[in-house]
Amino acid sequence: MRAFGAFQRVVAVAGAVTLAVSMVACGSDQKDAGSGPDLGLLKSGTLRIGTLTDAPPNVYVQDGKFTGFDNDLISAVAAKLNLKPEFVGTDFSALLSQVNGGQYDLGSSSITITEARKKTVAFSNGYDFGYLGLNTTKSSGITSFDQLPGKRVVVVQGTVQDDYATGKNLNPVRVPNYNAALGQLKAGTADAWVSPAEIGEKMAKEQGGGTVILAAKELSAAPMAFAVAKSNDKLREAVNKALDEVIADGTWTKLVEKYYPGRAVPANFKPGSGSVKFTAPKA
């Protein structure tokens, strides 16, 4: 009887070990919570960010590093949350669905908040404003948006500029990224590119070959924000709190002055929750 009892104890211990191993194995398939509060992150301690590689000064790669106003800002936000930012390049046309589908924790790419986009993702509080830009060539004779009907207009697919051109019945040519849009102007296969003005102006100066210019711009009514999955309210709320902190400590102002030197901030624009005092960037 003593031998049988010992055998039972061995079986019980082995079963407990097997159960523990099974629970660990099953747990490895679950989404990691992140450091501190459960933020529903894809990997513990890491904020996986979908972004673009070719849209300076907002989001781009320089010397092998993801940088730009938006990406430096979200890196500062991640630091406030004790998270390591991990950037991955993608196309804008796919970014929002990839964020909501769980491929990234967050999207960073000067994303203008629209009602249509709210059907796919949730947004943080706004952190920037922007202008629609009109890029063309010096020889085109185009100087205003009113001249675009009947012209061959190129836009990046899925952007607010795409929405604008479609809403104006311009029948735009859609391309996957900003380099492709600029390339069409340089090649003469497009008359104009409706761009994010800051990006269009910088790319014209640095990559336009002396022929591409920013002819006009107009203020966009909606702010820009980071995109998160609609199901992840905890991450959205944490990002909003940390965003207010980097606004309050002067980081937001420093980044604006670095990437948009001399750019005036509209009187009615307040970044983040709008309740945080901040130093206006030098105009």
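Two strands are paired if DSSP finds at least two bridges between them. The structure discussed here is a predicted model.

Q: Which residue of β3 is the bridge partner of D54?
A: In this predicted model, β2 and β3 pair in the antiparallel sense over two bridges. D54 takes part in this pairing, and its bridge partner in β3 is Y60.

Q: Which strands stand at the edges of the open sheet of three strands?
A: The sheet is open, its pairing is antiparallel, and its order is β2-β3-β4. An edge strand has a single partner strand, so one side of it is left without a neighbour in the sheet. The strands in that position are β2 (54-55) and β4.

Q: Which residues are joined by a cis peptide bond, and what is omega?
A: The loop between β2 and β3 contains P57. The peptide bond that joins P56 and P57 is cis, with omega of about 5°.

Q: Is D63 buried or exposed, and what is its relative accessible area?
A: D63 lies in the loop between β3 and β4. Its phi is positive, about 55°, although D63 is not a glycine. Exposed means over 50% relative accessible area. D63 is exposed, with a value of 80%.

Q: Is N171 buried or exposed, and what is its relative accessible area?
A: N171 lies in the loop between α4 and β10 (173-175). N171 is not a glycine, yet it has a positive phi of about 50°. N171 is exposed, and its relative accessible area is 68%.

Q: What is the relative accessible area of N71?
A: N71 is found in helix α2. Leaving aside neighbours within four places in sequence, N71 is in contact with T51, N58, V59, Y60, F66, F87 and S108. Buried means under 20% relative accessible area. N71 is buried, with a value of 0%.

Q: How many of the six residues of strand β1 are buried?
A: Strand β1 is joined to strand β5 (residues 84-89) by six bridges, and the two run parallel. Three bridges join β1 to strand β6 (residues 106-112), also in a parallel sense. Strand β1 (residues 46-51) is largely enclosed by the rest of the structure, because the number of its residues that are buried is five.

Q: Which residue of β6 stands opposite G50?
A: On the β5 side, R48 stands opposite E86. β1 and β6 are joined by three bridges. In β6, the residue opposite G50 is G107.

Q: Within what arc do the buried residues of helix α8 fall?
A: In α8 (residues 251-259), the buried residues are W252, T253, L255, V256 and Y259. Seen down the axis of α8, these buried residues line one face of the helix, because they fall within an arc of 165°.

Q: Which exposed residues does the other face of α8 carry, turned away from its buried side?
A: The buried residues of α8 are covered by elements that include β3 (59-62), β4 (65-67), α2 (69-80) and α7 (233-248). The face turned away from that buried side carries the exposed residues K254 and K258.

Q: Which element supplies the largest share of the lining of the largest pocket?
A: About 480 Å³ of space lies in the largest pocket. Its lining has 22 residues, and P57, E198, K202, Y259 and Y260 are the closest to its centre. At least two lining residues are supplied by each of β3, α6 and α8. The largest share, eight residues, comes from α6.

Q: Which element supplies the largest share of the lining of the largest cavity?
A: The largest cavity holds about 130 Å³ of space. Its lining has 18 residues, of which S110, T112, Q161, P196 and M224 lie nearest its centre. Elements giving two or more residues to this lining are β6, β8 (131-137), α4 (160-167) and α6 (197-207). The largest share, four residues, comes from β6.

Q: What percentage of the residues of the protein chain count as buried?
A: The protein chain has eight helices and 13 strands. Among its contacts with a separation of 6 or more, 68% are between residues 24 or more positions apart. The chain exposes about 13,900 Å², of which carbon and sulfur atoms supply 52%. Of its 283 residues, the share that count as buried is 47%.

Conventions
Residues numbered from 1 in each chain as written. Predicted model: local features only at pLDDT ≥ 70, side-chain atom pairs only at ≥ 80, totals over all residues. Heavy atoms only, no water. Buried < 20%, exposed > 50% of the residue type's maximum accessible area, 1.4 Å probe, protein only. Arc of directions from axis to C-beta. Contact = heavy atoms within 4.5 Å. Areas by Shrake-Rupley, 256 points an atom, 1.4 Å probe, with all protein chains shown as cover. 1 Å grid on protein atoms, 1.4 Å probe; cavity = no way out; pocket = protein on both sides within 12 Å on 5 of 7 lines; lining within 4 Å. Points joined across faces, edges and corners; volume = space filled by probe spheres on them.
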